[in-house]
Amino acid sequence: MATQNTRTLARLMMAPSVVVLLIWMAVPLAMTLYYSFQNYNLLTPMNVSFAGFFNYQYFYTDPAFFQSIWNTLLLVLGVLAITVIGGTAIALLIDQPIFGQGIVRILVISPFFVMPPVAALIWKNMIMHPGYGVFADIAKFFGLQPIDWFAQYPLFSVIIIVAWQWLPFATLILLTALQSLDSEQKEAAEMDGANFFNRFIYLTIPHLSRAVTVVILIQTIFLLGIYAEILVTTNGGPGYASTNLTFLIYRTARLGYDVGGGAAGGIIAVVLANIVAIFLMRAVGKNLDK
Amino acid sequence: MARSVSTGQKIGWSIAAWVVALLIFFPILYAVITSLKTEQEAIAGFSLIPSGTFENYVTVQTQRDYFKPFMNSVILSVGSTILALIIAIPSAWAMAFAPTKRTKDILMWMLSTKMMPSVAVLLPIFIIFRTFGLLDSRVGLTIMLTLINLPIVIWMLYTYFREIPGEILEAARMDGASLWKEIVYVLTPMAVPGIASTLLLNIILAWNEAFWTIQLTTTNAAPLTAFIASFSSPQGLFWAKLSAASTMAIAPILILGWFSQKQLVRGLTFGAVK
């Protein structure tokens, strides 16, 4: 029953957001694409020339590129594994009848609100520091040699920090999904003699699968862009041991002043993110049709 | 809940849940405790009992001018959120109450802009900002934070607006209310809770944004994310001071966060999990 008038007004109301997002999406991306075919170094801004596919060849044959892709993969999969498994376990635990459930919830979700540089620096200095950290104190208590986490296991250390930050997100989403599970259904299963294990396999897991999908997809989008945690802890090192794709592009672009190389790297980051995005959009889109 | 649970079982589950919760919360708690220690105590080995000094908080202010990045964080997160709401409210409104065949496509396209990796457009943005003198300016960063959170804001508002029953609108229309009157007198009061939730979540997201805030600022416009990141290279004994700065940086948003658990789920899953 929308009149012509209403429709025009609706279009006008949407115009600012559409225009703003269109510019935001198209202009910088077009520039990245353009730069990726140019020899352009910020240190010598006068010497800009057409480079053909040189930047791509240069960036994609760099051994650091393969390492960064591998590190990105390990980082994303490692964090996903910890947060999804840990999140499910913690959500199931909190969903039990317990004393002080509200406070437990608050404690568990808190890390999510800690800004990345703070989270990383607390872990780096107060927890994992080889001399003064809590882990070192524990090791010394048992008479063991403290581990220099960021020197010996740089990528693993970053994974631990990022997993700590995202565990609350997975827990909260899964808990929300868990609590929407019909308690009548649970009781019916119980009456039919299904034990805890069977109820979990045949009732809870199928019910949670949708939430798990959403958790995986959304986290992947954010995890592909992990930056600050690496910057303040290992700075990508030692060597390229904890450099992910985001950090490699940042290194090339901002520290190497190489606009063309950074742009060529940026294009593959876009392609990677798009692959994940397609799946996420499908999952979210299904919900819209309801 | 008809399930009967014995007290023993409940105590067992409770102990397990509290142990896990305290372990997860521990790094935050330990930072707060360390902030109340002297620098000597902070490196003297594990201890949960600080001497209770507030000197670190004073030092962080007097030596590093903590108030400036703090105010920048407030201005940037609140400013970008209000700007995003001004752009998003009419848009989400139109899509929720006057949907067309293309509404879903537009929503999905808006969501897709959120998927673009920031680092891929780092240099274009950097060069644009440099050209227009926006580097290290609060104006530039406010625009940036508005842009990156706009899709989430529109989506969240849309899912809230869609829940406002359409019959109320029709009733108002029957009574001869114009669209403008509908908006001001009928819908706005019903939409306020949704707008408030969106505001809250977006302030949290903007406060904690740590890519663009670090890339595009140096000193003038640097918010707390960039300020704290500057602590990454240790200068002498700094554990307790770092803890004090960290505690102040996360406390306000932690408390806001506790109040917005539900909205968090909704906002960050784009309505896919409620």
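**Loop residues in chain B**

I started with B:Asp65, which sits in the loop of chain B between α3 (55-64) and α4 (67-97). This is a predicted model, so I read everything here as computed. I looked up the backbone next: phi of B:Asp65 is near 55 degrees, a positive value in a residue other than glycine. Buried or exposed, then, for B:Asp65? I get 12 C-beta neighbours inside 10 Å, and because 12 or fewer is the cut-off, B:Asp65 counts as exposed.

I then went to B:Asp136, in the loop between α6 (122-131) and α7 (138-161) of chain B. B:Asp136 is not a glycine either, yet has a positive phi of about 55 degrees. With 16 C-beta neighbours inside 10 Å, B:Asp136 counts as partly exposed.

**Helix α1 of chain A**

I checked the length of α1(A): 32 residues, reaching 44 Å from first C-alpha to last, close to the 46 Å expected at 1.5 Å a residue. Where does α1(A) bend? I find a bend of about 40 degrees at A:Ala15, with a proline, A:Pro16, following within four residues.

A reminder to myself on the spacing: an α-helix has 3.6 residues a turn, so residues three or four places apart point the same way.

**Where A meets B**

I looked up the contacts between the chains: 85 residues of chain A are in contact with 82 residues of chain B. Which helix gives the most to the side of chain A that touches chain B? Helix α1 (residues 4-35) of chain A does, with 18 residues. By type, I noted that this side of chain A divides into 67 nonpolar, 15 polar and three charged residues.

I went through the largest nonpolar core, which has 156 residues. Those with the most contacts inside this core are A:Val162, A:Ile173, B:Ala92 and B:Leu157. Domain 1 (7-58) and domain 2 (66-232) of chain B both give residues to the core, so the core lies between them. I also have the C-alpha centres of these two domains of chain B, which lie 36 Å apart.

Last, I picked B:Ala92 and asked which residues it is in contact with, leaving aside its neighbours within four places in sequence. I found B:Ile154, B:Leu157, B:Tyr158 and B:Phe161. B:Leu157 is a name I had already written down, among the residues with the most contacts inside the core.

Methods
Residues numbered from 1 in each chain as written. Chains lettered and ligands numbered in written order. Predicted model: local features only at pLDDT ≥ 70, side-chain atom pairs only at ≥ 80, totals over all residues. Contact = placed C-beta atoms within 7 Å. Helix = DSSP H or I, 4+ residues; strand = E, 2+ residues; numbered from the N terminus. Nonpolar A, V, L, I, M, F, W, Y, C, P; charged D, E, K, R; others polar. Buried ≥ 20, exposed ≤ 12 C-beta atoms within 10 Å, placed from the backbone. Core = buried A, V, L, I, M, F, W, Y, C linked by C-beta atoms within 7 Å. Domains from an automatic or database assignment. Expected span 1.5 Å × (residues − 1). Bend = angle between axes of the 7 residues up to and from the residue.
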